[in-house]
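Hi there,

Here is the structure I promised to pass on to you. Have a look at it first, and then read my notes below.

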There are 2 protein chains.
Amino acid sequence: MGRITIKDIARALDIHPSTVSRALKDHPDVGMETKAAVKQLALELGYSPNQQAIHFRHRKSGLIGLILPSINMFFFPSVIQAAEEEALRKGYKLLVFQSGESLEKEKQIAQLCLDFRLEGVLVSLSKESQDLGHFEELRERDIPVVLFDKVLQGEQLPLVRIGDARAARLAVRHLFSRGYQHLIGLFDNVNLDISQQRYYGFKQAHEQAGLQVRNDWCFFAEKAVDCHKPLVQLLDEHPEIDGLFAMSDELLAEAMRVMDKTDRSIPETFGVVVISDGRLPYYLQPKVTYIHHSGYEVGRQATALLFTLMKGGTPERSTIEVPVSLVSLESTRRK
Amino acid sequence: MGRITIKDIARALDIHPSTVSRALKDHPDVGMETKAAVKQLALELGYSPNQQAIHFRHRKSGLIGLILPSINMFFFPSVIQAAEEEALRKGYKLLVFQSGESLEKEKQIAQLCLDFRLEGVLVSLSKESQDLGHFEELRERDIPVVLFDKVLQGEQLPLVRIGDARAARLAVRHLFSRGYQHLIGLFDNVNLDISQQRYYGFKQAHEQAGLQVRNDWCFFAEKAVDCHKPLVQLLDEHPEIDGLFAMSDELLAEAMRVMDKTDRSIPETFGVVVISDGRLPYYLQPKVTYIHHSGYEVGRQATALLFTLMKGGTPERSTIEVPVSLVSLESTRRK
DNA sequence: TTGTAGGCGTTATCAT
DNA sequence: ATGATAACGCCTACAA
């Protein structure tokens, strides 16, 4: 047997479905007795409205989408957590997608979002995505899109991010202030705007301190593991190197693996700072000083902004910068 | 302007919507020219079928649900990853929910799954869930439910898990084999079946080795941090303790924080083994020997089983045990 | 106060 | 080969 519908109740009570519909939602002009009867029967039969039908009728879906490049263990889990909580609070459900860092797949997913009438979409871009046409199309169909974290600068889409350059500046300045001066910089894929921004901050901090960035000490890694060998070599060839900045937890993990095998010792002769969600730094030995970049907060704000847009309370263009803070731990605590 | 529909195409071509529908899906008895005309216009107008309507018509939704107690950083991210991949491969979309370890919320979510006509649901239970009535109801409505990881034994629902007792036995035997004999056991919430199973394995291994489990050295922690103080005290009061088994990454992280501050040294005078997804053990110092418990594999198999059930290829009752393996690292490598 | 009709977009089943 | 009709479950003018 299928589920109980409004029609079933109507039939049983020998009244019209529309009356049942109205009774169920306390429509003002509906008889007390009918209302009571309907409600009671609904309860007895365990009626619950078919949301699919309701949404179809209203040309809504009650769904929002979250498109991620892929699910790592450090940052995106908190984003999912925050987005799901916010969504449910507003009576929405969250669909999670992975583009697998592929533009093609990202486009397919965008199309899916259209076909399923998602009411809003949160996106952290794949590294292949330099053009946002597929998301512009969503916006044209009145489906708001909010970019976060992996974003593209200067596009027409609202976005939520940290002050990436600022975060990197903070990190590097902290290293300088503790006397580490010859720094390696580890960055994610070179196409990503956040890589560029953080590199820019890295550079700025150098200039402001009257120091030169050594570009040959900077890596833009496709995958974290790719920086392993270059790091080993670099540390070997340049004894003067005494510090490292990593723009993400993944890169830090890799770097620390390398550091384990060198004779440099942290923090005595080598300083380390990372931009992190704030978990990994505590697991490592020594605990690593980090710029806190909360995935939860980014996710929360991005989702909140999305709902604002969905309600038509349109700033239609806007950028939110989630604040960051320095947490100084052992990796830069030198005497 | 809304989206292009079949009707728009029909009107433009002055034919009937049903013909358009047929033409679009290459129905055999549709004129060559009409078919061509329809397809071309569809392309020009950028028509794409409204999935919501299609699913409504078919009383399907194209959605499966994944209900988690809450999203941590170690295990569930890989589960989400696997489930999303499998779902998309089969043309389904994945909804992610968090019960927040609350039975009440879990019930609400189960109801949501009904109301939205989800076609299948994967569940890792909250610690409050001792009764599965709310999921039985789903099954009665022909919505398959597969439990994984945090499951309840002996219920009528299909489930995917590792051999929990076996995993714990492996871990403890390994400790014994390296000469660590006086072990602490760290377990998650006492209500969870996996806690019980892993405790059981912990105990079995002791018995098989002719040793006594010290129940006062076993903790069932509500939250990982809760075992901090007891651990400190225990290590302090009982110098003979020379090893520790943690049933999860979270517990291990906490334990290692404590170990940092003691004078025991790993692996020389103290051995550690954990059941883990295989990431954290490499970040810690020294690297921790673990029983590999792959979230990705559990998620993949659970989703695959779900789809089998959804297709009606019903074993309707079944249990899958995902194999585990021992990865021996530094924390048990004593001379 | 309640019933009637029409439609959200699509398709299965008739009939033509 | 195509058109007409009805239905999925619900809602909302409008009519009575």
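**Where the chains meet**

The interface of chain B and chain A has two salt bridges by the rule used. In one of them, A:Arg3 pairs with B:Asp115, and the closest N and O atoms are 3.4 Å apart. Please keep in mind that this is a predicted model.

Which parts of chain B face chain A? At least two residues each come from helix H4 (51-58), helix H5 (76-89), strand E2 (93-98), helix H6 (103-115), helix H11 (249-260) and helix H12 (280-283). By kind, the residues on this side of chain B are 23 nonpolar, 13 polar and 13 charged.

Now for the extent of the interface. In total, 49 residues of chain B touch 49 residues of chain A. About 4,800 Å² is buried between the two chains, and carbon and sulfur atoms give 58% of that area. On the chain B side, the residues that lose the most area to chain A are B:Gln52, B:Met73 and B:Tyr283, which together make up 17% of what that side buries.

**Inside chain A**

How is chain A divided into domains? Domain 1 covers 6-49, domain 2 covers 59-161 + 296-322, and domain 3 covers 164-294 + 326-332. Taken over C-alpha atoms, the centres of domain 1 and domain 3 of chain A are 65 Å apart.

Happy exploring!

Notes
Residues numbered from 1 in each chain as written. Chains lettered and ligands numbered in written order. Predicted model: local features only at pLDDT ≥ 70, side-chain atom pairs only at ≥ 80, totals over all residues. Heavy atoms only, no water. Domains from an automatic or database assignment. Contact = heavy atoms within 4.5 Å. Buried area = accessible area lost by both parts, 1.4 Å probe. Salt bridge = Lys/Arg side-chain N within 4 Å of Asp/Glu carboxyl O. Helix = DSSP H or I, 4+ residues; strand = E, 2+ residues; numbered from the N terminus. Nonpolar A, V, L, I, M, F, W, Y, C, P; charged D, E, K, R; others polar.
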